Amino acid sequence: MRFDVISIFPEIFRAYINESIIKRAIKKGLIDINIHNLRDYAKNRHKSVDDYPYGGGSGMVMKPEPFFEAVDAICPDKEKRRVIMLSPSGVNFNQTKAMKLSREKKQLILLCGRYEAIDERVASFLADEEISIGDYVLTGGELPALVIIDAVSRLIPGVLGDEHSVEEESFSWGILDYPHYTRPPAYRGYEVPEVLLSGNHKDIQRWRRKEALRRTLNRRPDLLTSRKEISDEDHELLQEIKEEDLK
Ligand code: 9D3
């Protein structure tokens, strides 16, 4: 998969990309990430990439031309590119979206904005879609672009090592993770749940599923109500949790 990022702060990306899993994926040739400086595509004398908003108001608006010029220079063939604009007004990013993007054959071009906004013609006539990473206000689209690169890259076959279980991840998908423990078995009197030390694989599996469901019920009940169907075992475990909470 090839990612191209367009930003006025290209330095932001180096440190993250040069670490661990992403770096290894690049070395293995599974992904390729190219960072472009938007300012290189500003044609005017002052290389300005922003201007005052038509209609007035506070804050600056990013000019459309540098984005159009940059995208056309990076990939002139519309059939071979998918342009994603990072925007607080975009559609929310989630794991389903990450999975769809990881299967994309086209080059992904990520447009990052700064200032108050990007000229709407970029969203209307250059971008294929606008994505937000959540309901909080950031200072620009750079961190969201890294979030997308990270979430999409790890889903590409071969990017994660064998230590990561794809099978386990798909089983627990859509609910929160169970609590994890490692040695020592007691620390400052805080003990690891006995079942985990029992060696009884069946009991451990059941306990983990139950604790994952308990957390989901308490912290993210929306994840359970939006589920297509709940298995008989999950029903039984949820019933047990609800009865325990009455005590
Ligand atoms: C009231 C106007 N603000 C919109 C919420 C202006 C504004 C704030 C922050 C305009 C741009 C930004 C910078 N944010 C992004 O570019 C951004 C973003 C975000 O702030 N949150 C979640 N996802 C994203 S994707 C891009």
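## A walk through the predicted model

S20 is exposed, because its relative accessible area is 55%, and values over 50% count as exposed.

K47 belongs to the loop that runs between β2 (32-37) and β3 (50-51). With a relative accessibility of 38%, K47 counts as partly exposed, because the value falls between the 20% that limits buried residues and the 50% above which residues are exposed.

The ligand sits in the second largest pocket, where 16 residues surround it, the closest being E116, I133, G134, Y136 and L138. Sorted by class, this shell is made of 9 nonpolar, 6 polar and 1 charged residues. Two strands, β5 (81-92) and β8 (129-132), each supply at least two residues of the shell, and the largest share, 3 residues, comes from β5.

Which atoms of the protein lie 3.4 Å or 3.0 Å from a nitrogen atom of the ligand? In the side chain of S132, an N or O atom is 3.4 Å from a nitrogen atom of the ligand, while a polar backbone atom of I133 is 3.0 Å from a nitrogen atom of the ligand. An oxygen atom of the ligand, in turn, is 3.4 Å from a polar backbone atom of G141. Of the 570 Å² of accessible area that the ligand has on its own, the protein covers 74%.

G141 is in the loop between β8 and α6 (142-153), and at 5% relative accessibility G141 counts as buried. Between G141 and S165 there are 24 residues along the chain, counted from one to the other, and their C-alpha atoms are separated by 31 Å.

E142, which takes part in a side-chain contact, comes next. A polar contact of 3.0 Å joins the side chain of E142 to that of R114. R114 is found in the loop between β6 (107-111) and β7 (117-118). R114 counts as buried because its relative accessibility is 18%, and buried means under 20%.

P184 has its place in the loop between α7 (166-171) and β9 (186-187).

The last stop is L213, in helix α8, which covers residues 201-219. Is L213 buried or exposed? At a relative accessibility of 1%, L213 counts as buried. L213 and P185 are 28 residues apart in sequence, and their C-alpha atoms are 24 Å apart in space.

Methods. Residues are numbered from 1 along each chain as its sequence is written. This is a predicted model: local features need pLDDT of at least 70, side-chain atom pairs count only at pLDDT 80 or more; totals for chains, interfaces and linings use all residues. Side-chain values use heavy atoms; hydrogens and water are left out. A residue is near a molecule or strand if one of its heavy atoms lies within 4 Å of it. A polar contact is a pair of N or O atoms within 3.5 Å; within protein, one must be able to donate a hydrogen and the other to accept it, and residues adjacent in sequence count only if both atoms are side-chain atoms. Accessible areas come from the Shrake-Rupley method with a 1.4 Å probe; for residues, only the protein chains shown count as cover. On a 1 Å grid over the protein atoms alone, a cavity is a set of points where a 1.4 Å probe fits but cannot get out, and a pocket is an open set with protein on both sides within 12 Å along at least five of seven lines; lining residues have an atom within 4 Å of a point. A molecule sits in a cavity or pocket if more than half of its atoms lie within 2 Å of its grid points. Helices (H or I, at least four residues) and strands (E, at least two) are DSSP runs, numbered from the N terminus. Ala, Val, Leu, Ile, Met, Phe, Trp, Tyr, Cys and Pro count as nonpolar, Asp, Glu, Lys and Arg as charged, and the others, Gly among them, as polar. Buried means under 20% relative accessible area, exposed over 50%, partly exposed in between (1.4 Å probe, protein chains only).
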